[in-house]
Amino acid sequence: MSALTNPINWILAGVLGYISYNYFSASVTPPPPTRRPKQPALVFKEYTPKELAQFDGRTADTRILLAVQGKVFDVTRGRNFYGPEGPYGNFAGRDASRGLAKNSFDKTVLVPLDGPIDKLENLEDEEKEALSDWAMHFESKYQVVGKLIENKD
Ligand code: HEM
């Protein structure tokens, strides 16, 4: 049996080829990842509903904030959800509590921007439960950057 017809040689050649391919392809430096420029970290502060509305991802500051049960979350990294084209863009820059409680992304569910903060008093037990589940979701995923306070005028 010649070296070319011996199947052991073919198997050895295959193994050698596989090892060299892995060795050389691993030594190629991968291109640097493309990232959005990092925005400075937000300092914890108070936001009125009107101030919060500036952070809806459509205005000059492209950061996206929303409030749940009085806490303001930075949801910028969830831009796919809350950006202008996202399915939950209605919550961007708003107190999302009532919409989350009622499982509705209808803008009419949210309280007006220039009115008092929603006290969430007339929710069903089930809705209150849904809201606290959402609050836990946001706590675990996003940074709390502030507190929702009443409008000043
Ligand atoms: C039509 C039915 C719906 C479908 C198929 C759907 C689908 C989804 C999916 C796939 C996610 C991503 C889950 C993840 O990766 O963590 C998500 C997240 C979410 N959904 Fe829905 N959804 C629906 C209805 C709703 C409604 C009615 C609301 C209104 C309260 C809502 C609010 C949210 C929120 C706030 C998130 C979390 C986004 C985040 O983590 O920042 N969804 N949904």
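Glu124 is exposed, with a relative accessible area of 53%. Buried means under 20% relative accessible area, exposed means over 50%, and partly exposed lies in between (1.4 Å probe, protein chains only). Glu124 sits in the loop between α4 (97-101) and α5 (125-141). Helices (H or I, at least four residues) and strands (E, at least two) are DSSP runs, numbered from the N terminus.

Glu124 also belongs to a negative surface patch, together with Asp125, Glu126, Glu129 and Asp133. Patches take residues with over 30% relative accessible area and no salt bridge; like charges are joined within 9 Å, and nonpolar side chains (Val, Leu, Ile, Met, Phe, Trp, Tyr) within 5 Å. Asp and Glu count as negative, Lys and Arg as positive; His and the chain ends are not counted. A charge is placed at NZ of Lys, CZ of Arg, CG of Asp or CD of Glu.

## Model and overall fold

This is a predicted model: local features need pLDDT of at least 70, side-chain atom pairs count only at pLDDT 80 or more, and totals for chains, interfaces and linings use all residues. Residues are numbered from 1 along each chain as its sequence is written, and side-chain values use heavy atoms, with hydrogens and water left out.

The protein has five helices and four strands. From the N terminus on, their order is α-β-α-β-β-α-α-α-β. Of the 153 residues, 36% count as buried.

## Iron and the nonpolar patch

Tyr88 (OH) is the only protein donor of the iron atom of the ligand, at 1.9 Å. Donors are N, O and S atoms within 2.8 Å of the metal (3.2 Å for Na, K and Ca); water is not among the atoms, so sites may look incomplete. Tyr88 is found in the loop between α3 (79-82) and α4.

With Phe81 and Phe105, Tyr88 forms a nonpolar patch on the surface. The three together have about 290 Å² of accessible area. Accessible areas come from the Shrake-Rupley method with a 1.4 Å probe; for residues, only the protein chains shown count as cover. Phe81 lies in helix α3. Phe81 is partly exposed, at 35% relative accessible area.

## Salt bridges

The whole structure holds seven salt bridges. Each is a side-chain nitrogen of Lys or Arg within 4 Å of a carboxyl oxygen of Asp or Glu. One of them joins Arg98 and Asp118, with the closest N and O atoms 2.6 Å apart. Arg98 lies in helix α4 and Asp118 in the loop between α4 and α5, so the pair ties together parts that are 20 residues apart in sequence. Both Arg98 and Asp118 are buried.

Glu150 pairs with Lys119 in another salt bridge, the closest N and O atoms being 3.5 Å apart. Glu150 lies in the segment after β4 (143-148) and Lys119 in the loop between α4 and α5, so this pair ties together parts that are 31 residues apart in sequence. Glu150 is partly exposed, at 36% relative accessible area. Lys119 is exposed, at 52%. Arg58 and Asp56 form a salt bridge too, with the closest N and O atoms 3.8 Å apart. Arg58 is partly exposed, at 44% relative accessibility. Asp56 is buried, at 14%.

## Contacts across the sequence

Phe138 lies in helix α5. Phe138 is buried, at 1% relative accessibility. Phe138 and Phe73 are 65 residues apart in sequence, yet their C-alpha atoms are 7.4 Å apart in space.

Ala53 sits in the loop between α2 (49-52) and β2. At 16% relative accessibility, Ala53 is buried. Ala53 and Leu113 are 60 residues apart along the chain, and their C-alpha atoms are separated by 7.7 Å.

## Positive phi angles

Gln69 is not a glycine, yet has a positive phi of about 45 degrees. Gln69 is placed in the loop between β2 (65-68) and β3 (71-74). Gln69 is partly exposed, with a relative accessible area of 42%.

Asn103, also not a glycine, has a positive phi of about 55 degrees. Asn103 lies in the loop between α4 and α5. Asn103 is exposed, with a relative accessible area of 65%.
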